[in-house]
Amino acid sequence: MTTQHALTEYLLRLGDSDIILAQRLCEWIGNAPALEEEMALGNVALDLIGQARSWLEYAAELQGEGRSADDLSFGRNEREYRNLLITEQANGNYADTLARQYLFDAWHYYLLQALCDSKDARIAAIAAKALKEVTYHLRRSSAWVKRLGDGTDESHQKMQQAIDDIWTYSGEMLLADDIDNLLFEAGIAPDSAAIKAQWQAHVSATLEEARLDCPPMDSYMQQGGKQGLHTEQLGFLLAEMQFLPRAYPDAVW
Amino acid sequence: MYAQLVDTGVKRVKTLNEMSPEERHFQEKIDADIKIEAKNWMPEAYRRTLIRQMSQHAHSEIVGMLPEKNWLTRAPNLKRKLQLLAKIQDEAGHGLYLYSAMETLGANRDEELEKLHSGEVKYSSIFNYPSRSWADMGTIGWLVDGAAIVNQVVLQRTSYGPYSRAMIRICKEESFHQRQGYQILLEMMRNGTDEQKAMVQDSINRFWWPALMMFGPHDTDSPNSAQSMQWKVKRMSNDDLRQRFIDQTIPQLELLGCTVPDPDLKWNEARGHYDFGAIDWSEFYSVLKGNGPCNKDRLKTRRNAYENGAWVREAAKAYADKQKQAAA
Ligand SMILES: [Fe+2]
Ligand SMILES: [Fe+2]
Ligand SMILES: [Fe+2]
């Protein structure tokens, strides 16, 4: 595997995770528990789509086949998508959505922080911009985990259930594969073990403050998203998201 | 328009001589274009009319998010997705400013939402029409936000200070929405396929008459207009606003290379305005009564969102209370 190939894959993972999670957040619009939450969800989704565009533009350039970020987003099939499984999981109730968001944000935050020091200047620049946005995402989602964990009996029970349900999808982002290792060696991507330690510390502290039980860190973790092996949910999400460009291949929008 | 048929509860407009000293002082301020602020004395009917109007307006912003949400998850590229999401988010923000402005009059957001959910307070009839194609995202921005602007530009001069200030803020964003909507259509008409061009024309055909109905019934059928005008809660009549909208929209329509489904539409040199055909008011009243294609769905969506979110709002409040207690 060449560094260039690994880098392209790595960028797809970042961009795809952002766009898929944003698509899920968009599903909430018009249905959120309060107007303030409509706005907050929209903000997070806007940031993630913007970040996806930056990562995918870079990936498309490295591929050198004349494709655009749009081509990559709207023209690839399920098997070609490289997003983390956690991002494609259905919204569920508001606790499910926030559990998914918080566990992702905590990883995203530490990852971007480390990527600011990447030897690849373009990655460092995108990460620096994204980190500002994700700092807010993490602050918001941790606050909600605490609010729901330590709110009413009902919200506590729902938040605990949500953490327990999504937990099996939280390990994939922390586990390095050949691509992560190769890019770490090259000084482009950070040491996954370091991110994992930071993530675990943040998550256990937040859950404790929220009066929630933290599931075992060594639980069985589902994997495959980074290699294009997805849960059954992704196909439907893509069918909806890609409908127009696929139904009207010659159209311009 | 966003607030159609607002009842003032007043049968006949009083002259200055018939007013109490307080009422006269209030009316003189309005006549002198001095803004009324929350702490100022105001007639009870003025207060209630404004609450009704702002509440309808705020509900329209919120319900108006739904036809656009219908295509948000299917936007055709990243740029359009970002634009549409940002627009929908602006509309949520408009709802928020308007509810806040309304609360300065002693009304309460949750109570007004209950009235929306029970059907007691309406929202603009236009949002009871479905968004059937992506072209509708263009048409809604261009015609629906466009019609809203015509009304709201005038409402920047409305007599109630907080409402007027909310309108000034909102209008800037609405003009942006209108341009963005028009760009969506222009791109399809200039560079799109035949199928896309047909999609645009179909969309305009469906939205044209409902957009004209947004301005409300003819002046002769608007029993509350006289009082609203005296209070400067309304600043121009429904028919004048509608004419202004048509006059500014038709040149844009021609630039698109599209038509509207009105054989009687033509420029009248003598009047200096476009003439247009008769509006089917029976459709308007029928939609208002609940028979539009989407009335039931729109209300159900809003009601479900509110009810399903109750436990979240309760938890947030319980948590805030605990934090406050811990700090004390
Ligand atoms: Fe608006
Ligand atoms: Fe609007
Ligand atoms: Fe708007």
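This briefing covers the iron sites, the nonpolar core and the chain interface of the structure above. The model is predicted, so please read every value here as computed from it. Two iron ions, ligand 3 and ligand 1, are bridged by Glu91(B) and lie 3.6 Å apart. Chains A and B bury about 4200 Å² between them.

**Iron ion (ligand 3)**

- Four residues coordinate the iron ion (ligand 3), at 1.8 to 2.2 Å: Glu91(B) and Glu174(B) through OE, Asp145(B) through OD, and His177(B) through ND1.
- Along the chain, these donors follow the spacing E-x53-D-x28-E-x2-H.
- Glu91(B) sits in helix α4 (residues 78-103) of chain B and Asp145(B) in helix α6 (residues 135-155) of chain B, so this pair ties together parts that are 54 residues apart in sequence.
- Asp145(B) is buried, at 2% relative accessibility, and Glu91(B) is buried with a relative accessible area of 3%.

**Iron ion (ligand 1)**

- The iron ion (ligand 1) is held at 2.0 to 2.1 Å by OE atoms of Glu61(B), Glu91(B) and Glu174(B), together with ND1 of His94(B).
- Its donor residues are spaced E-x29-E-x2-H-x79-E in sequence.
- Glu91(B) and His94(B) are three residues apart in helix α4 of chain B, which means that about one helical turn separates them. Both Glu91(B) and His94(B) are buried.

**Nonpolar core**

- The largest nonpolar core contains 182 residues, and Trp107(A), Tyr46(B) and Trp134(B) have the most contacts inside it.
- Trp134(B) reaches residues of chain A, including Leu244(A) and Trp253(A). In chain B, its contacts include Trp71(B), Pro76(B), Arg80(B), Leu84(B), Ile184(B) and Met199(B).

**Interface between chains A and B**

- Each chain supplies 48 residues to the contact.
- Carbon and sulfur atoms give 70% of the area buried between chain B and chain A.
- Three salt bridges are found across this interface.
- Glu36(A) forms a salt bridge with Arg109(B), and the closest N and O atoms of that pair are 2.5 Å apart.

How values were computed:
Residues are numbered from 1 along each chain as its sequence is written. Chains are lettered from A and ligands numbered from 1 in the order in which they are written. This is a predicted model: local features need pLDDT of at least 70, side-chain atom pairs count only at pLDDT 80 or more; totals for chains, interfaces and linings use all residues. Side-chain values use heavy atoms; hydrogens and water are left out. Donors are N, O and S atoms within 2.8 Å of the metal (3.2 Å for Na, K and Ca); water is not among the atoms, so sites may look incomplete. Helices (H or I, at least four residues) and strands (E, at least two) are DSSP runs, numbered from the N terminus. Buried means under 20% relative accessible area, exposed over 50%, partly exposed in between (1.4 Å probe, protein chains only). A nonpolar core is a set of buried Ala, Val, Leu, Ile, Met, Phe, Trp, Tyr and Cys residues joined through side-chain atoms within 4.5 Å. Contact means heavy atoms within 4.5 Å. Buried area is the accessible area (1.4 Å probe) that two parts lose on being put together, summed over both. A salt bridge is a side-chain nitrogen of Lys or Arg within 4 Å of a carboxyl oxygen of Asp or Glu. Lists of a residue's contacts leave out its neighbours within four places in sequence.
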